[in-house]
Each structure stands twice: as C-alpha cells, then as structure tokens.
Amino acid sequence: GSSLRLGLEAAEGERAVVLLVDTPGVTSASVRAVLAIDAPIVAATYEGDRRHPVAIRRELWSDVAAAAGGDRGAGPYLRAHPDLVVDIECAGEPDDIDTPDDLARWSESHVG
C-alpha cells in the first residue's frame with residue numbers, strides 16, 4: 001500500500017500505470033493494452049484473473065491511495081468500485097516472483 005501511495009503522489013500526467021517490479025512475464029504489450037482504453041480504471045486480466053498492469057485516471061488517485069494499506073494496493077478499491085473498472089484480457093505471464101524458489105522456477109522455464 002505504501003509503495004502505491006508514494007507512486008501516485010509522485011505521478012504526473014492524466015493516468016498512472018501500476019505494475020509490480022517482480023512480475024517479469026508482464027509485457028509492454030499489456031501496458032499498451034491498458035493504456036489504449038479510455039476508462040477510469042483499466043485492469044489487465046490473464047485467463048480471466050485480474051492482475052497487473054492497471055491504469056488509473058488522475059481523478060481517482062487520492063481515493064485509490066486512501067484505500068491502499070498493508071500489502072494490498074489498489075485491489076480493495078477496484079473490488080469496491082466495479083462500475084469504474086474495465087477488464088482487458090492480455091497475453092503474458094503475470095506470475096509474481098517473491099522468493100528465490102519462485103525465481104528459479106521462472107528462470108528454468110524462460111531462460112535457455
């Protein structure tokens with residue numbers, strides 16, 4: 001939550017894209033896809049599962065930041081305001097790499 005709040009405080013422009021640093025399988029095509037849709041919030045989905053990236057319009061930044069807490073970022077706000085969210089199916093692998101074992105598994109399947 002604190003990373004999201006700090007990021008939104010520092011952001012410029014009309015939209016912010018939220019993307020975790022430990023999701024190496026999320027592609028630039030997914031970022032372009034969420035930015036291509038003009039909606040208050042656009043979230044990437046992978047096989048129907050909502051993940052990152054998420055594009056958020058400026059007018060919602062303070063509300064999204066206020067709802068973020070602990071290890072939860074924008075998710076609680078998105079779930080509480082489904083009328084504001086457009087989901088878009090994306091290709092890629094949004095796996096979150098949190099541990100050395102996660103990284104080893106991901107690397108084995110992606111590095112020759």
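Here is a short exchange about a predicted model, taken strand by strand.

Colleague: What should I know about the model before we start?
Modeller: Residues are numbered from 1 along each chain as its sequence is written, and side-chain values use heavy atoms, with hydrogens and water left out. This is a predicted model, where local features need pLDDT of at least 70, side-chain atom pairs count only at pLDDT 80 or more, and totals for chains, interfaces and linings use all residues.

Colleague: What is the order of the strands in the open sheet?
Modeller: Strands (E, at least two residues) and helices (H or I, at least four) are DSSP runs, numbered from the N terminus. Two strands pair if DSSP finds at least two bridges between them. The open sheet has four strands and mixed pairing, and its order is S1-S3-S2-S4.

Colleague: Which strands stand at the edges?
Modeller: Look for a strand with a single partner. One side of such a strand is left without a neighbour in the sheet, because there is just that single partner strand. The edge strands are S1 and S4.

Colleague: How many degrees does the twist average from one strand to the next?
Modeller: Axes are lines fitted to C-alpha atoms, for helices over the stretch in contact, and angles run from 0 to 180 degrees between N-to-C directions. From one strand to the next, the twist averages 25°.

Colleague: Do S2 and S4 run parallel or antiparallel?
Modeller: Strands of a sheet pair through backbone hydrogen bonds, in either sense. S4 covers residues 85-89, and five bridges join it to S2. Ala43 stands opposite Asp87 in S4. The sense of the S2 and S4 pair is parallel.

Colleague: Which residue in S3 is the bridge partner of Ala16?
Modeller: S1 and S3 pair over four bridges, in the antiparallel sense. Within S3, the partner of Ala16 is Ile56.

Colleague: Is strand S2 enclosed or open to the outside, and why?
Modeller: Buried means under 20% relative accessible area, exposed over 50%, and partly exposed in between (1.4 Å probe, protein chains only). In a regular strand the side chains alternate between the two faces of the sheet. Both faces of S2 are covered, with Ile41, Ala43 and Thr45 buried on one side and Val42, Ala44 and Tyr46 buried on the other. Six of the six residues of S2 (residues 41-46) are buried, so the strand is largely enclosed.

Colleague: Which residue in the turn between S2 and S3 has a positive phi?
Modeller: S2 and S3 (residues 49-57) run antiparallel, joined by five bridges. They form a hairpin with two residues between them. Most residues other than glycine have a negative phi, and most peptide bonds are trans. The residue with a positive phi, about 50°, is Glu47.

Colleague: Is Glu47 buried or exposed?
Modeller: Glu47 lies in the loop between S2 and S3. Its relative accessible area is 80%, so Glu47 is exposed.

Colleague: Which residues are linked in a network of salt bridges?
Modeller: A salt bridge is a side-chain nitrogen of Lys or Arg within 4 Å of a carboxyl oxygen of Asp or Glu. Asp38 and Arg57 meet in one at 2.8 Å, N to O. Glu59 and Arg57 meet in another at 3.6 Å, N to O. The network links Asp38, Arg57 and Glu59.

Colleague: Which residue forms a salt bridge with Asp49?
Modeller: Asp49 stands opposite Tyr46, in S3. Asp49 is partly exposed, with a relative accessible area of 41%. At 3.5 Å, N to O, its salt-bridge partner is Arg51.

Colleague: Where does Helix H2 lie, and at what angle to S3?
Modeller: H2 covers residues 28-35. It lies across S1, S2, S3 and S4, and its angle to S3 is about 55°.

Definitions and conventions:
Contact means heavy atoms within 4.5 Å.
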